[in-house]
Every structure is written in structure tokens, then in C-alpha cells.
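Student: Hello! I would like to learn how to read the features of a protein model, one at a time. Could you guide me through this one?

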Amino acid sequence: MRPPSYKAIVDEYAAAIRSGALPAGTRLPTHRSLGRERRVALATATRVYAELAAAGLVVGEQGRGTFVRPRAGYDGLEPSRALPVPRVADLSFNQPLAPGQGDLLRQALRALASSGAAESLLRQHPPGGHRHDRATVATYLLDRGIDTAPENVLLTNGAQQALDCVLRTLTRPGDVLAVDALSYPGIKLLAAAHGLDLAPVPVTPEGPDLDALDRLCHARPVRAVYTMPTVHNPLGWVLDRARRERLAGLATAHGCTLIEDGTYAFLETAPPPPLHALAPEHTCYVAGLSKDVAPGLRFGFAVLPDRLLRAATTRLRTAAWGAPGLITALATGWLADGTVARLEHERRTDAACQTLARTALAGLATTAHPASYIVWLTLETPPAPRPRGRRTRRRGHPDLHRRCLRHHPAPPQRHPPRPRHTPASSSSQFLGRIIDPPSAGGPAFFRS
């Protein structure tokens, strides 16, 4: 019998994983075992696992083997986000829904269907949205300390598209984008897509190191600074007014633009003025409703200065022609009738998650905003492993092995040893276990 091609083996494993026949965590055969079972070469077996890993279906752990990957997160095809087992938390996204939101959606859709304007939702909307929808968002932003004209608001398909639009408008490939050394992972994806050079700014318990940012702006042509001054992701800080004023002053002095991400700003009840209020001509403000309302409500917005509006509108037209009619009607309706404000209040008062986290992680170094859904856990860097003589220890001669190491040099090696990755910090070590190891000297990013 002719052995199957590597593609047939890949398709067979992929189908079994996606159907649930091979559940998450299943350990797959070693490369050699797979080769023997399927009568293929070792290189072919390795290629099979490489294809599955590229599809986000398996993950290999050095020294342990290859395992079926949980079907959640950014990689691979997305299954339903509904959890199959009660009381099991999906931590790949911070996506808690408030009780009764399904009923809210049904009521809102019925109201839209009976409003007499349902047909208009199927027509093409202009890029950036209709003026009355932009005015609704402008009114909502007054409670965040942002007083802007509706013409300066652009509606987008979520905050991520708002960020993408701003970066497309402000930057060109090769430009320098300053970011906090610990930051939101989506900015890393966008920077890579646009060919931007990420420049990490060291962080302190109170916020970014503004002295380091000042030195960076003197040393390199920083085009923009991405920042989260109100409820940082993942560190939870809220910058005080003095730091905000200095950050706005740096942007003005160095001629760069601040990209202010207000995604989690709703969690802070009385923050200092936003950067947009301090330096409106040097700030682009972006946010959305995925965190305060629901992750599936892909509705975002960007507030831009006059000088960027025409170019940003062109970028939106290029990316998506126009704002999504149905989602926009649903979101602006909830903004206007107070539903969003009520849901935000419920999010702020629901501090049970942080209480549980403090109890479960008592004695460990944690950082979090009291109303946030994120906890940053700092781990100690483990000591370097010491050489051990397994055979001599089994025979009861540990001292003999130590004496041999002390008096005899190591035998020559045929190949140079592989360099060991040394985390730059304990936080980077933690990131390396849950996301990707940060590049040398580069910023680390937290998934949310």
C-alpha cells in the first residue's frame, strides 16, 4: 500500500481536532512514532506537525511533545465562544457579558425592525458614519471630558479599525512608533502590518518613564506615541494630571502625535482630563464598545484633529467603504437611551473579580486597577539550573561528581551550545509563557 501524502495526514488530524475527536491537551505521537505509524519519513512527519502548528491547531513544547491546542485566542479558525462546561472560564479574551444582555439585544432588534427605517440600514453608509450618528458619539464623549464637533468623530468597525485608520493616516513604513514596554498586543500586530519601528518606553508603577520618552524623542524621529493614560492594559495605572500635562507637552515640543487609547477609560469614575483635552491638535483619541458592552459589538470611533480628517476618511473608504449600518444603529441607540451608561456602571461596580484575584494570589506581586478585568502577575526569575550527575547520584556518589566537575575540564563539544534565552525581566518571563517571547530589547505585549 502506498503511504499517504503528508497533506492527507494533515487534513486527517485537522478534521479530528476541529470536530473534537482530538480534544485540547491531547498529546500527539512523537515525530518518529508518527513516521512509523504512517510509514513516512521523519522529515515528512515533521512537516505534518509544522503545517498543523501554522494553522493554530497544535503546539510543540520542547522536551514534552506536541499537543492539541485549545481552540481559542488569535490563532487558527475560531470556534464558538460559548463554553461547553459550566463554571469554566475562557481567559483568552476578557469578555464577560452582563446578565440579560441577550434580552437587551432582542428588544433592540425588534425596535429597529418596527421603527419604519429598517430599509435604510441596508443602504450604503458614508465612511466615518452619518452626521447624526457621529453627533451621538460626540455627546457620549462629553462625560469623558472630550468636547468635540461631530465632524471630528469617525465611526469604525471596532477600536482596532480606529487604531488602524489612525496609523495609516499618520505613519509610513519605517516610521518610529513609541509604545509602553508592556502594552496592548493589537498595536504590535498593526505596527508589523504597516512596517513601523516599535520603540519601547520603560514603565514605572506610576506610568511610562517620561524622561526616557524625552530622550527617545531627542535621539530618534518619533512619529507618534501610543498611550493608555486611563486604566492601562495590562498594568491598570491612571496617569495623574501632572504626567498627562508633561506627556502633552512632549508631543507638542517634539512635533509627534499622541494616540490615546480610551478603551478601558470607562472603568475610572473621576480621571484627570484626557490627553485630547490638553492637546487636541496633537492627539487622536480611539475607543469602542467591546469592553463596556460586548465583545461582539464591533463599534468603535476615532476623534481626530482637523488636519487629519480628510486623509483618515479616505483611509476608511479604502478599507471598508462605509460604516456598518445595522451595528451603528444598534450602538448609537444604546448610547442615546442610556443602555451603555448603565452597563458601564455595572462593570465598574462589579469588583468581585478583583476580590477573588487578590484572595487567590495573596502574597504574590500583583498589579491591577480595582475595577479592571486584568491582573498583572510578576514572577521571580528562577535561578539557573546547576549541573547534576544523574548516574553518580543514583550510585550514591554526589560528591564524586562534584569533584570531577571541579578538577576536570568539560570535554570538547562538536557543536557550539545553543544560546539560552534570558528574560529581560520577570514580567517578560511571564509573557513568554503565555504569548510570545519578546524580541531582544523590544517591548512585550499582553493579550486581552
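Tutor: Gladly! Let us start with Lys7, which counts as partly exposed because its relative accessibility is 41%. Keep in mind that this is a predicted model.

Student: Which residue forms a salt bridge with Lys7?

Tutor: Glu51 does, and the closest N and O atoms of the pair are 3.7 Å apart. The two residues come from distant parts of the chain: Lys7 belongs to helix α1 and Glu51 to helix α3, 44 residues apart. Glu51 is partly exposed too, as its relative accessible area is 27%.

Student: Where else are helices linked like this?

Tutor: Look at Glu12 and Arg38, whose side chains meet in a salt bridge at 3.0 Å, N to O. Glu12 has a relative accessible area of 46%, so it is partly exposed. Another case is Arg246 with Asp211, where the closest N and O atoms are 2.7 Å apart. That pair links helix α9 (residues 241-254) to helix α8 (residues 210-219). Arg246 is partly exposed at 34% relative accessibility, and Asp211 is partly exposed at 41%.

Student: How many salt bridges does the count come to?

Tutor: The count comes to 13. Some are joined up: Arg144, Asp292 and Glu344 are linked in a network of salt bridges.

Student: You mentioned helix α3. How do I read the two sides of a helix?

Tutor: The general idea first: an α-helix has 3.6 residues a turn, so residues three or four places apart point the same way. Now the case here. Helix α3 covers residues 42-54, 13 residues in total, and spans 18 Å from its first C-alpha to its last, close to the 18 Å expected. Ala45, Val48, Tyr49 and Leu52 are its buried residues to look at. They lie on the same side of α3 because they cover an arc of only 90° around the axis. On the other side, Ala43 and Ala54 are exposed.

Student: What do the buried residues of α3 pack against?

Tutor: They pack against the helices α1 (6-19) and α2 (31-38), and also against β1 (58-61) and β2 (65-68). Just after α3 comes Gly56, with a positive phi of about 75°.

Student: Which residues have a positive phi although they are not glycines?

Tutor: Val231 is one of them, with phi of about 60°, and Trp321 is another, at about 65°. Val231 lies in the loop between β9 and α9, while Trp321 lies in the loop between α11 (306-320) and α12 (325-337).

Student: Are these two residues buried or exposed?

Tutor: Val231 is buried, because its relative accessible area is 2%. Trp321 counts as exposed, because its relative accessibility is 61%.

Student: What joins Asn233 and Pro234?

Tutor: A cis peptide bond, with omega of about 15°. Pro234 lies in the loop between β9 (222-227) and α9.

Student: One last topic: which residues form a nonpolar patch on the surface?

Tutor: Leu105, Leu109 and Leu326 form it, and together they have about 240 Å² of accessible area. Leu105 is in helix α4 (residues 101-113), and it counts as partly exposed because its relative accessibility is 36%.

Definitions and conventions
Residues are numbered from 1 along each chain as its sequence is written. This is a predicted model: local features need pLDDT of at least 70, side-chain atom pairs count only at pLDDT 80 or more; totals for chains, interfaces and linings use all residues. Side-chain values use heavy atoms; hydrogens and water are left out. Patches are made of residues with over 30% relative accessible area and no salt bridge: like charges are joined within 9 Å, nonpolar side chains (Val, Leu, Ile, Met, Phe, Trp, Tyr) within 5 Å. Accessible areas come from the Shrake-Rupley method with a 1.4 Å probe; for residues, only the protein chains shown count as cover. A salt bridge is a side-chain nitrogen of Lys or Arg within 4 Å of a carboxyl oxygen of Asp or Glu. Helices (H or I, at least four residues) and strands (E, at least two) are DSSP runs, numbered from the N terminus. Buried means under 20% relative accessible area, exposed over 50%, partly exposed in between (1.4 Å probe, protein chains only). The expected span of a helix is 1.5 Å times one less than its number of residues. The arc is that of the directions from the helix axis to the C-beta atoms. Contact means heavy atoms within 4.5 Å.
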